[in-house]
Amino acid sequence: MYDYFKGQLTTLTPTSATVDCNGVGYLLHISLTTFAAIKELKQVKLLAHLIVREDAQELYGFFTEEERQLFRQLISVSGVGASTGRIILSSMPADELRSIIASGNSAALQKVKGIGAKTAQRIIIDLKDKVLKSGSDFVISSAPHNTIRSEALSALLILGFGRPNAEKAIDQVLRQSPSASVEAVIKTALNLL
């Protein structure tokens, strides 16, 4: 239904972006990959995927067609919903995810919150051939950071983690890497949770 939204970026968090398209603001759920790519931009074009459920209609936004394609492949797997697909794309770069799926490394997939052994195997079985056919790479651009702890905490809370555990993981990451970017803090914290 919606292919993309092009306009002024009015609000941006690590998990969502609001794009003003001729006076109408569209809230799109995004991954950390997209967040890193658009963090410095004022005008954006986000590719879209609409999820319609009985109780909600949600838009997901992607900076590249490759990321949107990988998201669509992930949510086609039984047991993987849109939130889980976004967490997977936020936990590791897309090229690493493609490599993990292509090599059948289910242990690496199980490190992502919400992915158990059966779901990891299902993802690999369902997507291995599709991933091997599309060999595109993603580029994740890094950006300067400000209020790293609060942005990372906000992202983890939105992704469904409890505040005490999220704060503990973020503090642990920041003790080990005080100059880490928001994206790096969130990704490392996701592995600790």
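What follows is a short chat about a predicted model of one protein chain.

Biologist: How many helices and strands are in the protein chain?

Modeller: The protein chain has nine helices and five strands. Along the sequence the pattern reads β-β-β-α-β-β-α-α-α-α-α-α-α-α.

Biologist: And what is the radius of gyration of the protein chain?

Modeller: The radius of gyration is 16 Å, close to the 16 Å that the globule rule gives for 193 residues, so the chain is as compact as a globular protein of that length. Along the principal axes, the C-alpha atoms fill a box of roughly 45 × 45 × 35 Å.

Biologist: What share of the residues is buried?

Modeller: Buried residues account for 48% of the 193. The accessible surface of the chain is about 9500 Å², and 49% of that belongs to carbon and sulfur atoms.

Biologist: Which residues have the most contacts inside the largest nonpolar core?

Modeller: Leu97 and Ile123, in a core of 58 residues. In soluble globular proteins, nonpolar side chains tend to be buried together.

Biologist: What does Ile123 touch?

Modeller: Leaving out residues up to four places away in sequence, Ile123 touches Leu74, Val77, Val80, Ile88, Ile101, Leu109, Ile115 and Lys128.

Biologist: Switching topic, where is Gly81?

Modeller: Gly81 sits in the loop between helix 2 (65–75) and helix 3 (82–91). Its C-alpha atom is separated by 19 Å from that of Ala108, 27 residues apart along the chain.

Biologist: Last one: how far apart are the mean positions of the positive and negative charges?

Modeller: They are 4 Å apart, for 21 positive and 18 negative charges.

Technical notes: Residues numbered from 1 in each chain as written. Predicted model: local features only at pLDDT ≥ 70, side-chain atom pairs only at ≥ 80, totals over all residues. Heavy atoms only, no water. Core = buried A, V, L, I, M, F, W, Y, C linked by side-chain atoms within 4.5 Å. Buried < 20%, exposed > 50% of the residue type's maximum accessible area, 1.4 Å probe, protein only. Contact = heavy atoms within 4.5 Å. Helix = DSSP H or I, 4+ residues; strand = E, 2+ residues; numbered from the N terminus. Rg over C-alpha atoms; globule rule 2.2 N^0.38 Å. Areas by Shrake-Rupley, 256 points an atom, 1.4 Å probe, with all protein chains shown as cover. Lys, Arg positive; Asp, Glu negative; His and termini not counted. Charge placed at Lys NZ, Arg CZ, Asp CG, Glu CD.
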